[in-house]
Amino acid sequence: MKLNQLVFKSMLKNIKHYYLYFFALIFSVTLYFSFVTLQYNESVMQTAANSGSAAAGLKAATYILYFIVLLFVLYANHLFMKRRSKEIGLYQLIGMTKGLIIRLIALENIVLFVGAVIVGMLFGFLSSRIFAMLLLKILEQDTVVAMSFSMEAVKQTVLLFAILLAIILVQMAFMIRRVSLLSLFTASKQADERVKRVSPLQMMMGAIGIGLISYGYYASTQLFSEDSANQLFLNMMIILATTIGGTFFVFRFSIAFVLNLMRMKKNGHLSPVDVLALTPIMHRMKGNAKSLTLITILTAVSLAISILSYISYYSAGEKAFSDSPTDYTLYDDNGKEFLAALDAEEIDYDAVDLRLQKMEFSLEELVAEHMKNNDMWNMDMEIHAVPLSDYAKRYPGLKLKGNEAIITGYNNLLSEMLPLEPGNVTMKAGDQSYPVEVMKIKDEYLIGGIVAGNGPALVVSDALFEQLVQHKDMSVWHKQTSLSLNDRGDLAHAETLYKETGANHNEFYKADEKGELHLNTRDQSSLEGSRTNYIGMMGVTIFTTAFLGLAFLVATGSILYFKQMTEAEEEREAYTILRKVGFTQQEILRGVYMKQAFNFGLPLAIGLLHSYFAVKSGWFLFGSELVRPLLITMGLYIVLYIIFALLSISYYKKVIKESL
């Protein structure tokens with residue numbers, strides 16, 4: 001029989017093992033080729049140019065995606081070589097040399113890779129337009145996307161997957177040459193290293209693992225506290241090390257110990273569930289600890305990055321609102337032409353004028369008690385005061401008297417990094433000091449970003465404000481006009497007028513070090529303009545992280561599935577014995593269900609916990625909403641893991657059915 005005929009027959013024989021591996025390769029090539037193709041699609045890149053990082057983001061994503069594919073294929077190839085060890089041993093028994101066997105397996109891999117690359121690039125070309133439309137949909141750009149075929153994308157894809165194939169062939173050749181004939185016949189029956197009993201040292205290490213994870217979680221909640229803020233990077237490294245180390249110890253020692261206790265309570269009366277679930281899991285944990293730790297950490301990292309990206313994208317509207325609390329924000333006498341244009345075009349709007357007065361006060365006087373010893377908060381902060389009567393035009397119902405005041409516009413980032421409490425504070429306007437009693441801290445935005453710098457504003461009584469305005473300075477803003485359109489259908493036309501009249505360019509006087517005033521210009525976006533800018537900045541990020549997260553899921557889920565396929569084949573004889581002594585298929589499957597819930601559920605559950613505490617520690621740096629992005633992203637991960645678990649159960653059903 002010729003070598004090419006042997007290759008063909010061998011691939012047909014192993015097609016039941018290769019189909020998901022082949023599909024995952026095709027999926028990887030499709031994603032990779034699509035990402036590269038997007039970089040050479042001129043219509044997409046020109047439209048997405050407003051994001052400022054479209055090309056760089058997509059290019060970075062291709063390299064990360066390739067790294068994911070490399071890890072996945074190396075691990076999957078190792079599992080398949082282990083499953084085919086007996087077949088390789090038979091080849092040697094009939095007289096084939098190791099060199100010839102390597103050529104045989106190499107040809108199989110070459111055929112497999114060539115087929116996957118060709119099919120993957122075909123699907124990638126067809127799906128690249130869908131990905132481009134999805135990217136532009138995220139960026140809220142209404143542009144027709146043409147099909148684009150790039151030879152540069154083909155060259156790059158072929159080159160990188162050829163390198164991957166070469167690495168696989170080297171791995172395969174090394175595995176075949178370094179093992180003996182006897183080990184080839186027994187390798188497929190060698191389970192991962194087993195543990196017969198749990199020693200006191202292992203019990204202690206298991207407890208240490210749980211303690212390390214608990215400490216990592218606790219430290220993450222204190223990351224921005226008084227004691228941790230001054231050593232942020234060091235504390236982050238400690239949290240990372242304790243969490244990863246604790247995860248390994250939990251998989252390596254803690255789980256086997258807990259399951260051993262559960263089995264000991266049975267007093268030798270083991271049910272099929274115990275035989276098919278608890279015992280195999282306990283004995284395999286030592287060998288599986290590294291892979292499960294890697295899968296858990298990868299899941300946690302990809303999930304955390306996806307959640308944070310979604311938080312940033314989801315919070316674009318809130319960030320824009322902090323820049324411009326109403327549709328349009330005008331300062332002093334700037335924007336008269338814009339108002340005249342709105343009136344001429346009969347665009348109906350409501351305008352509210354707010355009087356402003358700049359002051360200074362020390363943050364230390366209002367900082368929460370547990371943060372007062374931190375020197376980084378001992379600084380003066382500029383703040384603008386607004387009279388109560390003007391504030392009531394937008395938020396009625398507030399009453400102040402004497403020196404009472406409220407702070408408003410104190411958003412998530414400031415409130416998390418620097419929690420304030422009501423109390424007495426001394427403010428300065430010019431050379432004069434004024435005692436003020438802050439009654440409330442609110443998050444309602446009032447003043448635009450140019451004036452407040454996305455910081456808070458101070459609402460004071462009208463009587464106190466009249467005292468403050470005696471210290472007027474030409475170098476600061478004195479009035480803000482907030483415009484709200486009554487008909488959202490006028491927004492597009494109003495945006496055009498806003499730019500045509502130059503209302504987004506604000507002139508103001510600023511004093512230099514000598515006290516001399518100079519005329520300056522600063523741009524102010526509208527509410528819709530700011531929101532669009534934030535969408536543009538975060539659109540490519542959420543696009544790339546979403547698909548990289550999907551690639552992580554496919555890789556980790558496939559690895560777990562391949563491991564379950566291997567274990568199912570190793571346990572085939574046990575199923576045959578159980579069927580012969582009278583156990584039904586459903587009774588055996590109950591143990592399989594529990595085992596799959598553990599193998600897929602535990603890494604996912606720990607990964608979800610890791611990502612939750614990682615995100616919870618600093619989510620406010622990325623946006624203003626946590627719950628919705630968290631639930632949506634975690635929900636998608638859970639659904640995909642369930643799909644892989646169901647695939648594993650389906651394979652076990654097939655093995656159990658064939659066991660008798």
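Before the first residue, a definition: buried means under 20% relative accessible area, exposed over 50%, and partly exposed in between, with a 1.4 Å probe and protein chains only. This is a predicted model, in which local features need pLDDT of at least 70 and side-chain atom pairs count only at pLDDT 80 or more, while totals for chains, interfaces and linings use all residues. Residues are numbered from 1 along each chain as its sequence is written, and side-chain values use heavy atoms, with hydrogens and water left out.

By that definition Glu346 is exposed, at 72% relative accessible area. Its phi is near 55 degrees, a positive value in a residue other than glycine. Most residues other than glycine have a negative phi. Glu346 sits in the loop between helix H13 (336-344) and strand S2 (349-355); helices (H or I, at least four residues) and strands (E, at least two) are DSSP runs, numbered from the N terminus.

Now confidence. pLDDT is the predictor's confidence in each residue, from 0 to 100. The protein chain has a mean of 79, and 80% of its residues reach 70 or more.

On to the cores. A nonpolar core is a set of buried Ala, Val, Leu, Ile, Met, Phe, Trp, Tyr and Cys residues joined through side-chain atoms within 4.5 Å. The largest has 101 residues, and those with the most contacts inside it include Tyr21, Phe72 and Phe543. Helix H19 (residues 527-570) gives the most to this core, with 17 residues. Contact means heavy atoms within 4.5 Å. Leaving aside neighbours within four places in sequence, Phe543 is in contact with residues including Phe35, Phe131 and Ile138. A second, separate core of 23 residues includes Phe361 and Phe465.

Last, salt bridges: a side-chain nitrogen of Lys or Arg within 4 Å of a carboxyl oxygen of Asp or Glu. How many does a search of the whole structure find? It finds eight. In helix H19, Glu528 and Arg531 are three residues apart, about one turn of the helix, and their side chains meet at 3.1 Å, N to O. Glu658 and Arg572 also form a salt bridge, at 3.4 Å. That pair links distant parts of the chain, helix H22 (residues 627-658) and helix H20 (residues 572-580), 86 residues apart. Arg355, Asp390, Lys393 and Glu466 are linked in a network of salt bridges.
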